[in-house]
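The sequence and structure come before the discussion.

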Amino acid sequence: MDDGCVISLDNVSIGYQKNKPLIEGLNLRVNSGEIIAIVGPSGIGKTTLLRTIAGLVPPLKGGLKVCSQTNPASPPRGELGYIPQRLGLVRHASVHHNVMLGALAGHCSPWLPFSFDARKSAHKAIQKMGLEEKRRSLVRRLSGGQQRRVATARTLAQKPSLILADEFLGELDEETMLIVMDAVISYVDEKNAALLVVEHDIQRARKMADRLLLMKNGKLVPYVESLEPVEEE
Ligand SMILES: Nc1ncnc2c1ncn2[C@@H]1O[C@H](COP(=O)(O)OP(=O)(O)OP(=O)(O)O)[C@@H](O)[C@H]1O
Ligand SMILES: [Mg+2]
């Protein structure tokens, strides 16, 4: 996909059982530099969509292209960064070690553990997430919001061209939330990357995204502001 397209879904159905798709007829194109937010009720299939794009759940039907690869089961090394809703951190390892896992995934060097660039990326990402003082702390000793920031730092350190982020601003106070949001948006701008984010808070989604999509009733459709209810006289 040399035309700037990083995600292309063509009539895709997603879910876990062939006869019970969660969402059908998904058509979605995400280009470099774009930020797209998905909103929708709990349990509708938002995480499942991100997992399908990440190659962790096979699509039930349809064509799926991610980054420069046609086979999502093996996305190109480092190009796809995923901040999962359940984080997937190594809880008994330090913040630094967790973020280094992302950095190493994004740096192809025959001397991976000694890669200077990877260490530099990890350091910068930890700094951006305001976690310098916790660098040596074990992840299991951190608060929920701090752990969420470690997962975001891990992905930024990887320097992917596509970020899939699932509720990555959860459990953060307003001030920290804005710092984390700004850091990710700046990254997307600087690298001309793409961001597909699942966000339950409409205000936040609107603040971040170029386009808002709503997942509802088995479909993914453009989000339309609902009209204010008309007061009866
Ligand atoms: N591994 C799995 N195997 C089978 N069914 C699953 C699996 N994971 C999720 N589901 C089901 O798929 C549906 C969609 O789940 P998903 O996690 O995608 O929802 P969601 O929109 O992300 O919800 P939330 O906003 O609560 O995170 C749910 O009914 C859930 O029970
Ligand atoms: Mg979810």
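## Helix packing and the ligand shell

Helix α3 (residues 116–128) packs against helix α4 (residues 144–158) with an axis separation of 8 Å and an angle of about 140 degrees. Because angles over 145 degrees would count as roughly antiparallel, this value makes α3 oblique to α4. The crossing in which α3 passes α4 is right-handed. On the α3 side the contact is formed by Ser121, Ala122, Ala125, Ile126 and Lys128, which meet Ala153, Leu156 and Ala157 of α4. By class, the residues of this contact of α3 with α4 comprise six nonpolar, one polar and one charged. This is a predicted model, and the geometry described here should be read as such.

Helix α4 also has helix α5 (residues 174–191) as a partner, the two axes coming within 12 Å and crossing at roughly 10 degrees. An angle under 35 degrees counts as roughly parallel, and α4 and α5 are therefore roughly parallel to each other. In this contact Gly145, Arg149, Thr152 and Leu156 of α4 meet Thr176, Val180, Val184 and Tyr187 of α5, and the residues divide into four nonpolar, three polar and one charged. Leu156 of α4 takes part in the contact with α3 and also in the contact with α5.

| Helix pair | Angle | Axis distance |
|---|---|---|
| α3 and α4 | about 140 degrees | 8 Å |
| α4 and α5 | roughly 10 degrees | within 12 Å |

The loop between α3 and α4 contains Gly130. Gly130 and Arg149 lie 19 residues apart in sequence, with a C-alpha to C-alpha distance of 8.4 Å.

Ligand 1 is surrounded by Tyr16, Leu22, Ser42, Gly43, Ile44, Gly45, Lys46, Thr47, Thr48 and Gln85. The class composition of this shell is three nonpolar, six polar and one charged residues.

For the chain as a whole, the secondary structure comes to six helices and nine strands, and buried residues make up 39% of its 233 residues. Among contacts between residues at least 6 apart in sequence, 70% join residues at least 24 apart.

Methods: Residues are numbered from 1 along each chain as its sequence is written. Chains are lettered from A and ligands numbered from 1 in the order in which they are written. This is a predicted model: local features need pLDDT of at least 70, side-chain atom pairs count only at pLDDT 80 or more; totals for chains, interfaces and linings use all residues. Axes are lines fitted to C-alpha atoms, for helices over the stretch in contact, and angles run from 0 to 180 degrees between N-to-C directions. Helices (H or I, at least four residues) and strands (E, at least two) are DSSP runs, numbered from the N terminus. Angles under 35 degrees count as roughly parallel, over 145 as roughly antiparallel, 65 to 115 as roughly perpendicular and the rest as oblique. A crossing is left-handed if the near helix is turned anticlockwise from the far one by less than a right angle, and right-handed if clockwise. Two residues are in contact if their C-beta atoms, placed from the backbone, lie within 7 Å. Ala, Val, Leu, Ile, Met, Phe, Trp, Tyr, Cys and Pro count as nonpolar, Asp, Glu, Lys and Arg as charged, and the others, Gly among them, as polar. A residue is near a molecule or strand if its C-beta atom, placed from the backbone, lies within 6 Å of it. A residue is buried if 20 or more other C-beta atoms lie within 10 Å of its own, exposed if 12 or fewer, and partly exposed in between; C-beta atoms are placed from the backbone.
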